[in-house]
Amino acid sequence: VLTTEDTSPLGLWGGKLDVEWSGDEEGRTELRAGESVILADVSDHDRTVTVGIDVKGAAHWRLAVEVQQ
């Protein structure tokens with residue numbers, strides 16, 4: 001799961017991220033601050049995923065990738 005957060009002062013700069021991933025799973029989406037996307041289903045075995053991020057708008061972002069068990 002990739003989660004986004006806009007860390008600009010008071011979240012004033014807004015913006016969005018274009019996210020594209022490839023590897024065992026592939027996809028593309030646009031995210032705004034606070035949104036999440038599932039990059040791969042790891043329930044049955046390990047996966048390899050490469051993520052590309054293109055920031056549009058705000059320059060202050062925190063991205064977190066979490067493996068849910």
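Reader: What pattern does the chain follow, read along the sequence?
Author: The pattern is β-β-β-β-β-β. Strands are DSSP runs of E, at least two residues, and helices are runs of H or I, at least four, numbered from the N terminus. Here there are six strands and zero helices. This is a predicted model: local features need pLDDT of at least 70, side-chain atom pairs count only at 80 or more, and totals for chains, interfaces and linings use all residues. Residues are numbered from 1 along each chain, and side-chain values use heavy atoms, without hydrogens or water.

Reader: What is the mean pLDDT of the chain?
Author: pLDDT is the predictor's confidence in each residue, from 0 to 100. Where it is low, the predicted coordinates should not be read in detail. The chain averages 76, with 83% of residues at 70 or more.

Reader: In which sense do β2 and β3 pair?
Author: Two strands pair if DSSP finds at least two bridges between them. Strand β2 (residues 15-23) and β3 have five, in the antiparallel sense. They form a hairpin with three residues between them. Glu20 stands opposite Arg28 in β3.

Reader: Which residues make up the largest nonpolar core?
Author: A nonpolar core is a set of buried Ala, Val, Leu, Ile, Met, Phe, Trp, Tyr and Cys residues joined through side-chain atoms within 4.5 Å. Buried means under 20% relative accessible area, with a 1.4 Å probe and protein chains only. Here the core has seven residues: Leu2, Leu17, Val19, Trp21, Leu31, Val37 and Leu39. The largest share, three residues, comes from β2.

Technical notes
Buried means under 20% relative accessible area, exposed over 50%, partly exposed in between (1.4 Å probe, protein chains only).
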